[in-house]
Amino acid sequence: MKNENEFKLIVDSRSINESFARVVVSAFITPLDPTLEELADLKTAVSEAVTNCIVHGYKDRFGKIYISGKIIDDSVKITVRDKGCGIEDVKKAMTPLFTTGEGDRAGLGFTVMESFCDKISVRSKPERGTAVTLKKRITGKAKW
């Protein structure tokens with residue numbers, strides 16, 4: 001029998017909820033006994049995904065961010081989704097240094113997510129929203 005667990009969370013696209021999402025994901029993966037590095041990696045990737053929803057998905061308006069997670073044995077899958085403006089060209093958007101933001105945006109969000117996870121996938125439709133799925137194997141000793 002597989003060890004499984006899952007959660008679903010809906011938050012407003014407000015900056016304060018980025019840190020809340022990090023805490024939720026941290027608590028969720030605790031039974032897998034992650035290393036501090038694994039924990040920091042996943043928290044950073046989730047932070048980038050949520051920030052993208054706030055800054056790029058909804059731009060100058062508020063909306064909802066849908067976060068779900070699933071653990072199967074020693075792997076975790078986190079999906080962060082919005083119903084914002086979407087991405088016209090996902091491949092281009094995932095290119096390092098590409099940004100649609102203004103000011104101090106470095107265009108490294110997807111690059112950071114890719115470097116801290118085993119796999120990421122991005123699905124998006126213009127005017128319908130974007131979903132980013134992060135997958136990571138945790139090497140700790142699960143406490144089921």
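**Reading the labels**

Mentor: Let us begin with I78, which, once its neighbours within four places in sequence are set aside, is in contact with F7, V25, F28, L42, V46, I67, S68, G69, V132, T133 and L134. Keep in mind throughout that this is a predicted model.

Trainee: What makes F7 a contact of I78?

Mentor: The word contact requires heavy atoms within 4.5 Å, and F7 is among the residues listed for I78 on that basis.

Trainee: Which residues have the most contacts inside the largest nonpolar core?

Mentor: They are I65, I67 and I78, in a core of 34 residues, and the element that gives the most to this core is α2, with 7 residues. In soluble globular proteins, nonpolar side chains tend to be buried together.

Trainee: Why is the pair of D12 and K64 called a salt bridge?

Mentor: The rule asks for a side-chain nitrogen of Lys or Arg within 4 Å of a carboxyl oxygen of Asp or Glu, and the closest N and O atoms of D12 and K64 are 2.5 Å apart, so the pair meets the rule. D12 belongs to strand β1 (residues 4-12) and K64 to strand β2 (residues 64-72), so that the pair links distant parts of the chain, 52 residues apart.

Trainee: How do you know that D12 and K64 are partly exposed?

Mentor: Partly exposed lies between the buried limit of under 20% and the exposed limit of over 50%; because D12 has a relative accessible area of 29% and K64 one of 38%, both carry that label.

Trainee: What makes K136 and D41 a salt bridge?

Mentor: Their side chains meet at 3.7 Å, N to O, and because the limit is 4 Å, the pair qualifies. K136 lies in strand β5 (residues 129-137) and D41 in helix α2 (residues 36-57), so this pair ties together parts that are 95 residues apart in sequence. Both K136 and D41 are buried.

Trainee: Which residue does R137 meet in a salt bridge, and where do the two partners lie?

Mentor: The side chain of R137 meets that of D74 at 2.8 Å, N to O; R137 is in strand β5 and D74 in the loop between β2 and β3, and the pair links parts of the chain 63 residues apart. With relative accessible areas of 45% for R137 and 26% for D74, both count as partly exposed.

Trainee: How many salt bridges does the rule give?

Mentor: The count comes to 3 salt bridges.

How values were computed
Residues numbered from 1 in each chain as written. Predicted model: local features only at pLDDT ≥ 70, side-chain atom pairs only at ≥ 80, totals over all residues. Heavy atoms only, no water. Helix = DSSP H or I, 4+ residues; strand = E, 2+ residues; numbered from the N terminus. Buried < 20%, exposed > 50% of the residue type's maximum accessible area, 1.4 Å probe, protein only. Core = buried A, V, L, I, M, F, W, Y, C linked by side-chain atoms within 4.5 Å.
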